[in-house]
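Dear colleague,

I am handing over the structure below, together with some notes on what was found in it. Please read the notes with the coordinates open beside them.

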Amino acid sequence: MTIIQILIVAAAALFWGLVMRERGRKYFLLIASVLFIFWLQPALPLRGFDFWIPLATLTITVFSWFITAAEESRREKKNWGVVAILAGTVLLLNLTRFLPFDSILTPSRPPQSLTLMLILAFSSIIFLLVTRVTHFHAALLAVSIIGLIAFFLSIKIPALAYWVSYGIRSLTDQSLTEAKAIDLRWLGFSYVAFRIIHTLRDRQMGRLPAVDLAEYVTYVIFFPAFTAGPIDRIERFIKDLRKSSTLGNDELLIAGQRFMLGLFKKFVVADALALIALNDTNALQVRTTGWMWILLYAYAFQIYFDFSGYTDIAIGISKFLGIQLPENFSAPYLKPNLTQFWNNWHMTLTQWFRAYFFNPVTRWLRSWNNPMPAPVMIASTQIATMLLIGFWHGVTWNFALWGLWHGVGLFIHNRWNDMAKVRAGEWATTPFRKNILNISGVVITFNFVALGWIFFALSSTSTSVQVFLKLFGMR
């Protein structure tokens, strides 16, 4: 998001919070979120797909609600009113194709209206058939989760994304020679997929709260958190959505301060650091070890201020609207070990993987008749979890190495902590010695994390190896 786009979003949220207050807040958030995902979707070389992709996001979201909602909820008439609002909003966006000037709400001219109406009619028939199903088998939810993951991989794995683009171009009579893996840049899909999987999995476990369609769609595509998180939980989100909200002076001050802090971190600190932060270009131009360390540290702080800045902006805008998003960062670079770092870096993503992968897999492994040795189990689950977190960012060798780097690091810390904590406790008997342990832990952890960012910042494994060698004076 550009600073102009952020200021427009913040102004709209502030206007509603101060002027409209409670009047129509639920439907304002719903319609604003729909407009947002069309507005911010980047233009694509695939003709019309910068319109179809946001529509697909909506369709997947609505379908997910239909298969997770209880039968009585699905049959409530108010939900068909929400379907009408969603369809009407999309149709109005499509009708901007007839304006004598370029639309400001879509990145390119919307597709033919007849095609859109046929797709909406077909989708409505499918949803109508779904509502006639009185009992859902757990297999349907499992298939939906697997399908969502497969869809996620099809646009994340470069080779698959290329063939998807090639297939779309073949069907739509577009140039096949220009097919690229980056043709399908699906705004916010990583966060959308994880929010939906959270609801599907909780429905399987019988702990998903009852929500109507408007609440569900707003939760999944909530515009302040759509592009960069945090990943909220639906039961917490709807509590804020349902309760009355008044933007008083104190709340306005707190929200405004958080918003301004985010702007400063993102557009002043992070963007300044980006001028010298490690990237594919300067990684091959630096000749000295000292400068390479400067570039690496600049990247480490740049990614923190960029990401946490966006989080502060999202939290501030949400506060204008009476929604308290969860925190995502808590001074991660000041933590004395890697475990605490990951408990305070991108916390909602870490908590998601802990709840829906690490803990269930650990319980499953422990349930074996002949369970594997504890160290092997810990190594397996920690490395697998971090590999998946790496793949969530992108399915490439460098993201795999980044995940492996942290998975192995967490396992080493786990083993070291078990062996050394008694001796460390016996030695650190004074505040001075405790400070020495804490400071040394912070320094070691920060540098370990910073070295891991090499894989994150660079696209090539060979370039990453060259940077490692340069950092330690071996090249």
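With which residue does lysine 243 form a salt bridge? The partner is aspartate 240, and the closest N and O atoms of the two are 3.4 Å apart; please keep in mind that this is a predicted model. Lysine 243 is partly exposed, with a relative accessible area of 45%, whereas aspartate 240 counts as buried at 7%.

Arginine 207 forms a salt bridge with aspartate 202, with 3.1 Å between the closest N and O atoms; here arginine 207 is partly exposed at a relative accessible area of 44%, while aspartate 202, at 1%, is buried. In the salt bridge between lysine 266 and aspartate 271, the N to O distance is 2.8 Å, and it is lysine 266 that counts as buried, at 8% relative accessibility, with aspartate 271 partly exposed at 31%.

Over the whole structure, the search finds 18 salt bridges, and a network of them links Lys26, Glu76, Lys78, Asp212, Glu215 and Arg242.

Turning to helix packing, helix H1 (residues 3-20) packs with helix H13 (residues 289-320) at an angle of about 25°, their axes being 8 Å apart. Because angles under 35 degrees count as roughly parallel, H1 is described as roughly parallel to H13. On the H1 side the contact is made by Ile6, Val9, Ala10, Ala13, Leu14 and Gly17, and on the H13 side by Tyr310, Ile313, Ile317 and Phe320; of these residues, 9 are nonpolar, 1 is polar and none is charged.

Technical notes: Residues are numbered from 1 along each chain as its sequence is written. This is a predicted model: local features need pLDDT of at least 70, side-chain atom pairs count only at pLDDT 80 or more; totals for chains, interfaces and linings use all residues. Side-chain values use heavy atoms; hydrogens and water are left out. Axes are lines fitted to C-alpha atoms, for helices over the stretch in contact, and angles run from 0 to 180 degrees between N-to-C directions. Helices (H or I, at least four residues) and strands (E, at least two) are DSSP runs, numbered from the N terminus. Angles under 35 degrees count as roughly parallel, over 145 as roughly antiparallel, 65 to 115 as roughly perpendicular and the rest as oblique. Contact means heavy atoms within 4.5 Å. Ala, Val, Leu, Ile, Met, Phe, Trp, Tyr, Cys and Pro count as nonpolar, Asp, Glu, Lys and Arg as charged, and the others, Gly among them, as polar. A salt bridge is a side-chain nitrogen of Lys or Arg within 4 Å of a carboxyl oxygen of Asp or Glu. Buried means under 20% relative accessible area, exposed over 50%, partly exposed in between (1.4 Å probe, protein chains only).
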